[in-house]
Amino acid sequence: MAMEYVTLPTGQKMPMVGFGTWQLLGDQCETCVRQALDLGYRLIDTARMYENEVEVGKAIRASGVAREEIFLTTKVFQPDNSYEGTKMSIDRSLLRLDTDYIDLFLIHEPYEEDRDMVRAMEEALEAGKIRALGISNYNKDLYARFVAECGLVPAVNQVECHVFHQQLPLKAAMGETVMQAWSPLTCGQKPVVTDPVLTKIGAKYGKTAAQIALKALVQQGIPVVPKTATFSRMQENLDLFGFTLSPQDLETIRAMDTGKTLFGWY
Ligand SMILES: NC(=O)c1ccc[n+]([C@@H]2O[C@H](COP(=O)([O-])OP(=O)(O)OC[C@H]3O[C@@H](n4cnc5c(N)ncnc54)[C@H](OP(=O)(O)O)[C@@H]3O)[C@@H](O)[C@H]2O)c1
């Protein structure tokens, strides 16, 4: 099934649906990433903090899919929130992932030291170690501060985003920066996959509530990285492109937005 892409400010094409790997560890992670690649996923989202970069790297190698066909994201986390730490973090991620470059390297959460971290990331861009630089979990104010202080537009801001917290004001405020959704199915915080409104809408299109929840974001130009350890759900979450939600159905789903986080981390 055909994938859709969003173009980043760098000119890179990033898949609208990727595979999230948080909480996938060891052999299970390797198996799931391999299955995802076999099914046609071409974006893998990992992080130093997830402690699974080695397994992600192994799965990519074993898949036989050409490296340049895969969009690989990883992230830097504390205590590496410094110039030296970020420099080291990039090199260590490259080693663990067993690759020559990272497509998208994100500052995992807002840090006061992000200007220093950006210096290390810009050097890595120059050296071809990373291809795009981005941030994660920056709200509107922190995003504006980042752009002003660092003097650059990040390619991506990856944030909590699902039907109950669609983050459209943040998306609108970020111009060229692409807003990518983490926990697009709420990570079990709210029963989105059995939601009666989404189930009813899904019945019209022959889709599940989970597919409608993901499609509503994708159709609004928000790329998603759902995670699942279940093969049938991997297929389901990728199968979002043969239909279009009607304006009325999209309006109904927009009305589900509470504007409130389900996590409260940031
Ligand atoms: N940048 C950040 O700070 C940040 C924070 C959180 C997450 N992330 C990224 O975003 C990814 C996705 O977020 P997430 O893992 O928190 O949660 P999620 O993708 O919203 O939800 C994952 C949960 O939903 C279930 N699920 C998945 N597809 C389903 C389907 N079609 N039907 C029913 N249930 C389904 C999974 O169950 P099973 O696995 O049991 O099938 C799992 O329990 C992460 O893996 C990570 O890569 C980034």
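1. Which residue in β7 is the bridge partner of Leu106? Gly134 is. A caveat before going on: this is a predicted model, and everything below should be read that way.

2. That bridge belongs to the pairing of strand β6 (residues 104–107) with β7, which is parallel and has three bridges. Getting from β6 to β7 involves helix α4 (residues 114–126), and together these elements form a right-handed β-α-β unit.

3. On to the β8 side. Strand β8 (residues 156–160) also runs parallel to β7, with two bridges joining them. Have a look at Ser136 here: its bridge partner in β8 is Gln158.

4. Now β7 itself (residues 133–136). Side chains in a regular strand alternate between the two faces of the sheet. In β7, Leu133 and Ile135 sit on one side, with Gly134 and Ser136 on the other. Are these four buried or exposed? All of them are buried, so both faces of β7 are covered; the cut-off for buried is 20 or more other C-beta atoms within 10 Å.

5. Last, the ligand. There are 26 residues around the ligand, and the ones that come nearest are Gly20, Trp22, Trp182, Cys187 and Lys227. If you sort the shell by class, you get twelve polar, ten nonpolar and four charged residues. Which helix gives the shell its largest share? That would be α9 (residues 231–238), with three residues.

Note on methods
Residues are numbered from 1 along each chain as its sequence is written. This is a predicted model: local features need pLDDT of at least 70, side-chain atom pairs count only at pLDDT 80 or more; totals for chains, interfaces and linings use all residues. A residue is buried if 20 or more other C-beta atoms lie within 10 Å of its own, exposed if 12 or fewer, and partly exposed in between; C-beta atoms are placed from the backbone. Two strands pair if DSSP finds at least two bridges between them. A crossover is right-handed if, with the strands pointing away from the viewer, the path from the first strand over the helix to the second runs clockwise. A residue is near a molecule or strand if its C-beta atom, placed from the backbone, lies within 6 Å of it. Ala, Val, Leu, Ile, Met, Phe, Trp, Tyr, Cys and Pro count as nonpolar, Asp, Glu, Lys and Arg as charged, and the others, Gly among them, as polar.
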